[in-house]
Amino acid sequence: MTLLNIVKEFFRRTGIREPQILFSSKDLQLIQVIGLANEVVEDLSLTRKQWTAQEREASFLALATEVQRPLTEIAPGFLWMVDESFFNRTTKLKIEGPMSASQWQAAKSVTYASAYSQFRFVGNELRLYPAPAINDVLAFEYRSNYLIRGADNTYKQYFSADDDEFVLDPSLLIAGLRAFWKKDKGLPSEAEYRSYERLVQNFSAHDKANTELSMNGSCQDRRPGIFIPDSDYTLQVM
């Protein structure tokens, strides 16, 4: 649902005449609503649980140097890497880390050859040691703070156009706007905040499919061996 349609619905519920445009308007009230919408998005993306819509995969070609490309280029909207998800797909080997400053300096003080690279973040840089071969395919999963999709199908952190889409359920943004709007105006907002919190809790509780839990210690992973199906047998007469 686009930001313009969300704001129209918010204005209808607030008893204000709905707008036809947003970003090209000079109306101070609309400018404030856009700012509040971005504030709600910040609340949902940064201070709440991590939504499945924030899960991303970064895949890129390695440079044969310690310093790889900036994180802003490799993984737009990067918040943090998902643990144990960094692999060299060319060598089929895991990339270990992240290393602490002490571990990194200790490793670099010794010259050695290894097929396994280790990684560390320094500022906006991703560093690998030993350096991988050029054009090895590297990949990891990460959490992004991007919950907005533009008309060009790229993701971003803040609304910047009327036709930007909010990738979570629009009711979350509408409820958040109602609560933030009243609070900003100095009006009683407790009921609106309770409604907003209930929606956040409900959607977050059902945001991700759950795996089946085994109480007998059995493992559900597929391993080499003989697989016997639990149904659909074919009877053969010998």
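**Entry 1: a serine in a helix**

I started with Ser 45, which sits in helix α2. Helices here are DSSP runs of H or I with at least four residues, strands are runs of E with at least two, and both are numbered from the N terminus. The model is predicted, so I note that local features need pLDDT of at least 70, side-chain atom pairs count only at pLDDT 80 or more, and totals for chains, interfaces and linings use all residues. Residues are numbered from 1 along each chain as its sequence is written, and side-chain values use heavy atoms, with hydrogens and water left out.

Is Ser 45 buried or exposed? I found Ser 45 buried, with a relative accessible area of 2%. (Buried means under 20% relative accessible area, exposed over 50%, partly exposed in between, using a 1.4 Å probe and protein chains only.) Not counting residues up to four places away in sequence, Ser 45 touches Gln 50, Gln 54, Leu 79, Asn 145 and Leu 147. Contact means heavy atoms within 4.5 Å.

**Entry 2: the whole chain**

I zoomed out and counted six helices and eleven strands in the protein chain. Of its 238 residues, 36% count as buried. I also looked at contacts between residues at least 6 apart in sequence: 63% of these join residues at least 24 apart.

**Entry 3: α2 against α5**

Back to α2, which covers residues 28-47 and packs against helix α5 (residues 170-184) at an angle of about 120°, with the axes 9 Å apart. Axes are lines fitted to C-alpha atoms, for helices over the stretch in contact, and angles run from 0 to 180 degrees between N-to-C directions. That angle makes α2 oblique to α5. (Under 35 degrees is roughly parallel, over 145 roughly antiparallel, 65 to 115 roughly perpendicular, and the rest oblique.) The crossing of α2 past α5 is right-handed. A crossing is right-handed if the near helix is turned clockwise from the far one by less than a right angle, and left-handed if anticlockwise.

On the α2 side, the contact residues include Val 33, Leu 36, Val 40 and Leu 44; on the α5 side, they include Leu 173, Leu 177 and Trp 181. By class, I have eleven nonpolar, three polar and three charged residues in the contact of α2 with α5. (Ala, Val, Leu, Ile, Met, Phe, Trp, Tyr, Cys and Pro count as nonpolar, Asp, Glu, Lys and Arg as charged, and the others, Gly among them, as polar.)

**Entry 4: α5 against α6**

How do α5 and α6 run relative to each other? The axes of α5 and helix α6 (residues 190-205) come within 8 Å and cross at roughly 155°, and α5 and α6 are therefore roughly antiparallel. This time α5 passes α6 in a left-handed crossing. Among the residues that meet are Leu 172, Ala 175 and Ala 179 in α5, and Tyr 196, Leu 199 and Phe 203 in α6. The contact of α5 with α6 divides into nine nonpolar, two polar and four charged residues.

**Entry 5: a three-stranded sheet**

Next I traced an open sheet with the order β2-β7-β6 and antiparallel pairing. Two strands pair if DSSP finds at least two bridges between them. The edge strands are β2 (67-70) and β6, each pairing on one side only. From one strand to the next, the twist averages 25°. Helix α4 (residues 101-108) packs on this sheet and touches β6 and β7, its direction making about 40° with that of β7.

I followed β6 (residues 118-122) to β7 and found five bridges joining them, with Phe 119 opposite Leu 128. β6 and β7 form a hairpin with two residues between them, and Gly 123 in the turn has a positive phi of about 60°.

**Entry 6: Leu 126**

Leu 126 is in strand β7 (residues 125-129) and is buried, with a relative accessible area of 0%. Beyond neighbours within four places in sequence, its contacts include Phe 60, Phe 86, Phe 121 and Phe 140. Gln 68 is 58 residues from Leu 126 in sequence, yet the C-alpha atoms are 5.5 Å apart.

**Entry 7: β1**

Last, I checked strand β1 (residues 55-61): Arg 56, Ala 58 and Phe 60 are on its covered face, and Glu 55, Glu 57, Ser 59 and Leu 61 on its uncovered one. In a regular strand, side chains alternate between the two faces of the sheet. Seven bridges join β1 to strand β8 (residues 137-144), and the two run antiparallel. Glu 55 stands opposite Arg 143 in β8.
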